[in-house]
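Q: I would like a close look at one part of this protein. Please take it step by step, in plain words.

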Amino acid sequence: MASGKDRDRRGRLHTSEIIRAASHPTRQLILKGLKDKDLSTIDLERQTGENRYNLYHHLGVLVQAGLIESQLEDGRAKKYRLTRPESARETFFQFERGELADPSGLARILESLAAALDEPIADPQDIQSVTIMLRYSDE
């Protein structure tokens with residue numbers, strides 16, 4: 001049985017994997033596309049402009065990090081979707097300036113973060129995106 005210390009270390013390692021996986025620009029495009037609907041590899045190829053070899057590499061990194069999952073459709077076409085929060089132990093959200101329905105949304109997130117940290121966020125007007133990751137307990 002793993003000790004609490006081992007579990008915490010593995011959790012941190014997995015968290016860094018997720019951050020690394022989600023931080024690559026191509027993988028951010030993939031995640032952004034999957035936010036609205038499930039997409040096939042052909043759809044994702046068009047969206048990202050990546051060749052099939054590179055696309056499969058990026059998809060593999062996202063699957064291994066637990067951010068997306070795939071399913072076979074019609075027995076041969078693979079479709080990808082974001083991992084459902086109820087099945088994930090970790091979930092992340094990405095907020096982009098200009099893509100939120102409410103233009104003040106990013107500012108409110110930054111204000112809440114500053115309040116939680118009890119310190120100001122440097123140059124909040126220059127921040128273009130915010131990524132938040134939630135990690136759930138194992139119990």
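Which strands does α2 lie across, and at about what angle does α2 run to β3?

A: A word of caution to begin with: this is a predicted model. Helix α2 lies across β1, β2 and β3. Its direction is at about 90 degrees to β3.

Start with the setting. The protein has 139 residues, and 27% of them count as buried. Its secondary structure comes to 5 helices and 5 strands. Along the sequence, the pattern reads α-α-β-α-α-β-β-β-α-β. Now look at the contacts with a separation of 6 or more. Residues 24 or more positions apart account for 58% of these.

Strands of a sheet pair through backbone hydrogen bonds, either parallel or antiparallel. Here the sheet is open and has 3 strands. Their order is β1-β3-β2, and the pairing is antiparallel. The edge strands are β1 (39-40) and β2 (68-73), as each pairs on one side only. Strand β3 covers residues 77-82. β2 and β3 pair over 6 bridges, in the antiparallel sense. Find Tyr80 in β3: Ser70 stands opposite this residue.

Side chains of opposite charge can pair when their charged atoms come close. Arg81 and Glu69 meet through their side chains at 2.8 Å, N to O. Arg81 sits in strand β3 and Glu69 in strand β2, 12 residues apart. Arg81 has a relative accessible area of 21%, so Arg81 is partly exposed. Glu69 comes to 23%, so Glu69 is partly exposed too.

Now turn to the helix neighbour of α2. Two packed helices are described by the angle between their axes and the distance between the axes. Helix α2 spans residues 25-36, and helix α4 spans residues 52-64. Their axes come within 10 Å and cross at roughly 75 degrees. Angles of 65 to 115 degrees count as roughly perpendicular. Helices α2 and α4 are therefore roughly perpendicular to each other. On the α2 side, the contact is made by Thr26, Arg27, Ile30 and Leu31. On the α4 side, Leu55, His57, His58, Leu59, Val61 and Leu62 take part. By class, this contact has 6 nonpolar, 3 polar and 1 charged residues.

Zoom in on one of these residues. Ile30 lies in helix α2. Its relative accessibility is 0%, so Ile30 counts as buried. What does Ile30 touch, leaving aside neighbours within four places in sequence? The list is Leu44, Gln47, Thr48, Leu55, His58, Leu59 and Leu62. Among these, Leu55, His58, Leu59 and Leu62 are on the α4 side of the helix contact. Ile30 and Tyr80 are 50 residues apart in sequence. In space, their C-alpha atoms are 9.5 Å apart. Recall that Tyr80 is the β3 residue opposite Ser70.

The side chains of Lys32 and Glu96 meet in a salt bridge, 4.0 Å from N to O. Lys32 is in helix α2, while Glu96 is in strand β4 (residues 90-96). The two are 64 residues apart, and the pair links distant parts of the chain. How accessible are the partners? Lys32 is at 32% relative accessibility and therefore counts as partly exposed. Glu96 has a relative accessible area of 17%, which means that Glu96 is buried.

Arg52 and Glu45 meet through their side chains at 2.8 Å, N to O. Arg52 is at 43% relative accessibility, so Arg52 counts as partly exposed. Glu45 has a relative accessible area of 21%, so Glu45 is partly exposed as well. A search of the whole structure finds 7 salt bridges.

To sum up, α2 lies across β1, β2 and β3.

Note on methods:
Residues are numbered from 1 along each chain as its sequence is written. This is a predicted model: local features need pLDDT of at least 70, side-chain atom pairs count only at pLDDT 80 or more; totals for chains, interfaces and linings use all residues. Side-chain values use heavy atoms; hydrogens and water are left out. Axes are lines fitted to C-alpha atoms, for helices over the stretch in contact, and angles run from 0 to 180 degrees between N-to-C directions. Helices (H or I, at least four residues) and strands (E, at least two) are DSSP runs, numbered from the N terminus. Angles under 35 degrees count as roughly parallel, over 145 as roughly antiparallel, 65 to 115 as roughly perpendicular and the rest as oblique. Contact means heavy atoms within 4.5 Å. Ala, Val, Leu, Ile, Met, Phe, Trp, Tyr, Cys and Pro count as nonpolar, Asp, Glu, Lys and Arg as charged, and the others, Gly among them, as polar. Two strands pair if DSSP finds at least two bridges between them. Buried means under 20% relative accessible area, exposed over 50%, partly exposed in between (1.4 Å probe, protein chains only).
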